[in-house]
Amino acid sequence: MNTIVIYKSKYGSTKAYGEWIAEELSCDAVDVKSVKVEDLLAYDTIIYGGGLYAENIAGVTLITKNLDKLKGKKIIIYTTGITPLDCRDYYDKLVMEKNFKGKDVTNIRVYHFLGKMILSELSFPHRTAIKTLKKIMSEKENPTNMEQLLVELCDVDGDFTDKNAIFDLVEYAKGKSY
Ligand SMILES: Cc1cc2nc3c(=O)[nH]c(=O)nc-3n(C[C@H](O)[C@H](O)[C@H](O)COP(=O)(O)O)c2cc1C
């Protein structure tokens, strides 16, 4: 099996998962900065991880814009975020539509893991974005469940990364589907 893990990670959670996965699969985990699509052609299995930022999977266009070039390969995508994993509408609808709309995803498996958000570590633009989002959402007169959830998520402050969460992805990458 010829596998590579690529990640884009600002605060380290996506990188941590990438390194755990690579360790289990005895392959390399590399930062997306040093990868071009041509480099991926040598691999049978491509695992891409990106943190969620306003529902966008950071850097995932490396994969989604090149699906024709990557045809026939096993493509696995993982995200890290702070939205609880049981919010299926968020992950299965919003995240999927925002990142894969109009794309043929039949051969792509997507996994979601909890990441981290430590408010004191956030960059100034990110802290400002979170504060602004919270203000806008809190001022809604009849907020939807999703909008209410967003307000609560703006106060999340912690590290929820969990090495055990990679099990299904690793088994699927090895060829054993769950
Ligand atoms: C500005 C901003 C926007 C975010 N948007 C989302 C989001 O839409 N959904 C989510 O689940 N988490 C969101 N998060 C949380 C990050 O996805 C989470 O911290 C992730 O683990 C970061 O990955 P990284 O540590 O690899 O950079 C956001 C965080 C910031 C700072």
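Is Ser26 buried or exposed? And which residues of the largest nonpolar core touch the most other members?

Modeller: This is a predicted model, in which local features need pLDDT of at least 70 and side-chain atom pairs count only at pLDDT 80 or more, while totals for chains, interfaces and linings use all residues. Residues are numbered from 1 along each chain as its sequence is written, and side-chain values use heavy atoms, with hydrogens and water left out.

Ser26 is exposed, with a relative accessible area of 68%. Buried means under 20% relative accessible area, exposed over 50%, and partly exposed in between, with a 1.4 Å probe and protein chains only. Ser26 lies in the loop between α1 (13-25) and β2 (28-31); helices are DSSP runs of H or I with at least four residues, strands are runs of E with at least two, and both are numbered from the N terminus. Phi of Ser26 is near 50 degrees, a positive value in a residue other than glycine.

Glu55 also has a positive phi, near 70 degrees, and is not a glycine. Its place is in the loop between β3 and β4 (56-57). Glu55 counts as buried, at 16% relative accessibility.

Now the core. In soluble globular proteins, nonpolar side chains tend to be buried together. Here the largest nonpolar core has 30 residues, of which Ile6, Leu40, Ile46, Tyr48, Ile63 and Ile77 touch the most other members (a nonpolar core is a set of buried Ala, Val, Leu, Ile, Met, Phe, Trp, Tyr and Cys residues joined through side-chain atoms within 4.5 Å). Elements that each supply at least two residues of this core include β1 (3-8), β3 (45-53), β5 (74-81), α4 (88-100) and α6 (145-153). α4 gives the most, with 4 residues. The core draws at least three residues from each of domain 1 (3-116 + 159-174) and domain 2 (119-156); these bounds come from an automatic or database domain assignment.

Take Ile77 as an example. Not counting residues up to four places away in sequence, Ile77 touches Tyr48, Ile57, Val60, Ile63, Phe100, Ile108, Arg109, Val110 and Tyr111, where contact means heavy atoms within 4.5 Å.

Last, α6. Its buried residues are Glu147, Leu149, Val151 and Leu153. What covers them includes β7 (116-117) and α5 (124-138).
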